[in-house]
Amino acid sequence: MELTLESDGYSVRLVGAGKEGIAKAASERPELIILDLGLPDIDGVEVLRKIRDWSEVPVLVLSVRDAETDIVACLDAGADDYLTKPFRTGELLARVRNALRHRPSQQDTAVFSVHDLQIDLTARTVKKGKEYVKLTATEYALLSLFVRNAGRVLTHNFILEQVWGPAFSDETQYTRVYVGQLRKKIEDDPSKPKIILTESGIGYRLSSE
Amino acid sequence: MSEYEDNRPNPDELLKALKKEDERSGKGKLKIFFGMCAGVGKTYAMLSEARDAVAKGVDVVVGYIETHKRMETAELVLGLEVVPRKKVEYRGAELEEMDIDAILARKPKVVLVDELAHTNAPGSRHARRYQDVQEILANGIDVYTTLNVQHLESRADTVAQISGSIVRETVPDSIFDAADEIKIIDISPDELLKRLKEGKVYAAERSRQAVENFFKEGNLSALREMSLRVTAERVDHQIREYRRGQNISSPWKSGQRLVVAISPSPHSVSVIRWARRVSHTMDATWVVVYVDRSDKLSEEQRDQLAKNIKLARELGAEVVTTSGVDIANALIRVAREQNASQILVGKPDRYIFSRAARLIDNLMQRSTDLDIYIVGQEGSRSKRKIQSVIPWPQSSAVQYLTAVLLVLLAAIVSFPFQGYIGYRTVSFILLLVVSLLPLKFGPGPTVLAAAFGALSWDFLFIPPRFTFSIGNLEDTLLAAMFFVVATVTGVLSARVRKREKIIRQREARTSALFGLTKDLSSAHSQDEVITTAVSNIKKYFDADVAFILGDAEGEMANTPHPASSFKPDVKESSVAAWVYWNEKKAGKNTDTLPSAHATYFPMSGPRYPLGVIGVKFPDDAELSNDQESLLENFISQITSAIERELLNDVNRKSIVVAESERLYKTLFDSISHEFRTPIATILGVSENLLGHESEQRTGLREQSVKEIHVAAERLNRLVANLLDMTRLESGMIQPKLDWCDLRDVLNHALKNLERELEGRNVSVDVSDDVPLMKLDFGLVEQALTNLIHNAALHTPSGTGMMIRSYLEEGETCVISVADNGPGLPREDINRVFEKFYRAQNGKSGGTGLGLTIAKGFVEAHHGTITARNRTEGGAEFVIRLPITETVSKDSEETL
């Protein structure tokens, strides 16, 4: 992995354990952290929390399959993205690029476009191709949440808390219903979504391509 | 034997061997400072030794010391750690007792407990202090204690005879026998008297009183001799035990057994004590037998019988209760069963005409090869009881009166007819009435009625009438014979009835036990055993039952088993906990914690206590001996049934373990091939790449890398499948259900297989009415991926595939994956979901696990999966998932 990243022009520091990683993150101030959850010393989620105490650096979490609970915990604790092992090199590089591109500071664009969809956050309008799309208040809130976090994986809980409020964080069926409705309005083929992508067992992500 | 004598082990070695044995058992050691009477310095000696031990660094605490205000003793206590005493309220007075819980919590190496024979204040956990000591020992704490010879159960009678005062606080000999060390504290009577006069033993005025009453020199010498003898006997006994333990042939005839007959009489107490002394010196085991003739016992007799049995148990006897009408026969039967050579009975009060005397006669006549001992009664003359030792059923005055009145009625009714039938016929009518009486009455009323019948016949019918004189010899004979026949008939039928009653009782007992055993054997789980046990105890004893089980870690459950018919409150639960930890029964009608409302019995298992059974009788219920032993039988049956179920569980688990081990073996055998194939490819091709670096043509290079990639993908798939399979096999699959849109899941599955499905026409049709479902996204996705991948593997490239989903009867969601390929081999359709099944003509690359995993995951959702060949050609796999919950889509206005 080090090889792959270096051959793509990144400079990489390799760390063997969680505590060492936290120290290195503080001393070297990297632009991106790739965190493997299978650490020998402490819980990966713990590492993430420690780092998030003082830094907003993008964190990409690596994990094995069937560890959805851990991944969700990490995403809720502030991780930006995740990958399950084994993954393809191309996929890794794409996620790294994506994480570096969508820094919080660049999030002020008022008009955002993805595929043939244009969302104007100030005018609160959504255009698909040339036509305006009519959305309900909730659908719009949902879409704008995706837009503001474009490229990031949003967990069901996070979406529920942001759109419906903390009291609804267990009503996970809401996200499915509204994402379904939203897809019907904005996707070309709702059965093969290209804009709002499902992350199995975890949540959704707005395509960044 | 001669070898042994040449090679006599020295006492130190003996002691060492004994010590070792104790350490192995994990129990604390008991050391008794033993003396002839108060004032010899036992407590002093105990404290001195404790101080020595403390100086050596042993952890010693004082549990309870009575200094009797003796200065020297009090000084010795100073500096030792004292566990504070517990204050017990009793009838307004505040008593101080040893705090056993505090001692157990403190867990020292050694605890000092004075006066072993002490009786605790009512409301304490145990009635007696020696029971406290037993519990402390059982918890692995050593105990030093003090004891006088007069408090030893088997010596209490003799002491009473010597000193004239009756000793009430006695300690069972078994405690003394079980002690690890006895230290005898011996001073001469002269010196003791001197110390007494100096006021070192009691305060001055009590001192004088004591000397006059108890501390007479003659008394003291006798007591001293007794204490020395007891100690000597013990040493003797220990050596014998040791020899037996070491299989050294003993010079004594071993295996002697005594059968001791007891009755509900106070005299049995001395018989029991005598038997214990004899058996101890003879080194014989002894069996105490009570023959239950199912006579009705008075309250007093019942108490006495219970006391006798308890005493016998305390003194180390095995107690057998048997039923039978003829006591002599029953005793001989038991003696033969127990292989005993001697029978011991008490001497009867009166010899002539007494039932007990007849017993002795019968024993003498029938016991050919058995020795019979007849033991005299100690101090019996003063309180002789008129009541016979074995009473007949008591008949009330009303019964006597009724019996007589019936005969009188018969006589009066016959009176007017005597002219027609003759006066002799009347005698037969009266005889008939008398012979019918035993059906309702005991032998007493029958005999009285017989006598009354004879007299009234004489008076009213035999001429000269209305006088008792009889005219001729014939009638005199008839009257006499009437009396004899009536009496014999009455008594005989009474006896038959009695025997019948015994048989009925025995039958009832047997059938109760049989019923329980039958029910228990048909119970197939621990829960069923408990339910059966609760209902059986309820049926035969009318009692409520609570089961509190233990677990493999040796912890008792907090709540009773749900099948229990009562729930012990906090206080009762602590009784149950005590029983659990000590594996002894406690509660109502026992010596331990008798204030509880229920009796608790331990269920002892082979490695850890199985639990506790609490039995709560109705408040006024009294248990007869018979019932009590039946209940104990019940409990042991239930315990073994529960143990059986437990072992079955263990067995079942080990079968599962063996099965999964077998599975792993097959798995590894079959999988190693699958692993090696791609690894071989990767190794070979990469070696090629390394070796021919310079002369590589780009075409070859690209080809090689592609091959490596394909092999790696195959490895990856294999590992994923194996992991899934392991999860399934280990039963670890717990679906994390959450709302899922089936369209999403399908999409994902298709995306995973993007490359495998390249160039195929895949149609997806999900009906609009398929709602959100609660599924484990990952599991269903994997199941679908496996199904679709399977279809792709086994059909030629370019074959079309149809995936459809729709609702069936509104409550089942159907997902069908169909293809236009060659279909499934017809003979193997039912085997496709089997582990490691692979189609004969299948392309390589499959593991034979994909469909098995799909099936497992679907079944984890309580769904089903089936395979069939479509009539129009090609295979179809159908998943059916039940819909348990639905979401109502709330509508919202669009902007």
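Mentor: Let's begin with strands: two of them pair if DSSP finds at least two bridges between them. Helices (H or I, at least four residues) and strands (E, at least two) are themselves DSSP runs, numbered from the N terminus. One caution: this is a predicted model, where local features need pLDDT of at least 70, side-chain atom pairs count only at pLDDT 80 or more, and totals for chains, interfaces and linings use all residues. Residues are numbered from 1 along each chain as its sequence is written, chains are lettered from A and ligands numbered from 1 in the order in which they are written, and side-chain values use heavy atoms, with hydrogens and water left out.

Trainee: What makes β19 and β21 of chain B a pair?

Mentor: Strand β19(B) (residues 762–766) and strand β21(B) (residues 801–808) share five bridges, in the parallel sense. The rule asks for at least two, so they pair. Inside that pairing, B:V764 stands opposite B:I803.

Trainee: And how do you know that β21(B) pairs with β22(B)?

Mentor: Here there are eight bridges, running antiparallel, with β22(B) covering residues 812–819. B:M802, for instance, has B:A818 as its bridge partner. The two strands form a hairpin with three residues between them, and B:E809 takes a positive phi near 55 degrees there.

Trainee: Which strands are the edges of the open sheet in chain B, and what makes them edges?

Mentor: The sheet has six strands in the order β3-β2-β6-β7-β1-β8, with parallel pairing. β3 (81–82) and β8 (181–185) each pair on one side only, which is what makes them edge strands. Further in, β6 (residues 110–113) and β7 (residues 142–148) of chain B are joined by four bridges, and B:V113 has B:T145 as its partner.

Trainee: Why is a group of residues called a nonpolar core?

Mentor: The name goes to a set of buried Ala, Val, Leu, Ile, Met, Phe, Trp, Tyr and Cys residues joined through side-chain atoms within 4.5 Å. Buried means under 20% relative accessible area, exposed means over 50%, and partly exposed is in between (1.4 Å probe, protein chains only). The largest core here has 59 residues, and B:I32, B:F34, B:L112, B:I136 and B:L147 have the most contacts inside it. Helix α3(B) (residues 42–55) gives the largest share, five residues. A second, separate core of 49 residues includes B:L718, B:L742, B:V745 and B:I829.

Trainee: Why is B:E500 called partly exposed?

Mentor: Its relative accessibility is 41%, which lies between the cut-offs of 20% and 50%, so the label is partly exposed.

Trainee: Are B:E872 and B:R870 buried or exposed, and how do you know?

Mentor: B:E872 has a relative accessible area of 58%, over 50%, so B:E872 is exposed. B:R870 comes to 13%, under 20%, so B:R870 is buried.

Trainee: What makes B:E872 and B:R870 a salt bridge?

Mentor: A salt bridge needs a side-chain nitrogen of Lys or Arg within 4 Å of a carboxyl oxygen of Asp or Glu. Their N to O distance is 3.6 Å, so the pair qualifies. B:R504 and B:E500 meet the rule too, at 3.9 Å; both lie in helix α20(B) (residues 473–521), four residues apart, about one turn of the helix. Over all chains the count comes to 45 salt bridges. Some link up in a network: A:D81, A:E91, A:R95, A:E199 and A:R205.

Trainee: How many salt bridges are there between chain A and chain B?

Mentor: Two. A:R176 meets B:D738 at 3.2 Å, N to O. B:D744 pairs with A:R183, the closest N and O atoms being 2.4 Å apart. That pair crosses from helix α25(B) (residues 742–752) to helix α8(A), and both B:D744 and A:R183 are buried.

Trainee: Why is α25(B) called largely enclosed?

Mentor: Eight of its eleven residues are buried, so α25(B) is largely enclosed by the rest of the structure. The buried ones include B:L742, B:D744, B:V745 and B:H748.

Trainee: What area is buried between chain A and chain B?

Mentor: About 2,300 Å², with carbon and sulfur atoms giving 45%. Buried area is the accessible area (1.4 Å probe) that two parts lose on being put together, summed over both. In contacts, 27 residues of chain A meet 27 residues of chain B.

Technical notes: Contact = heavy atoms within 4.5 Å.
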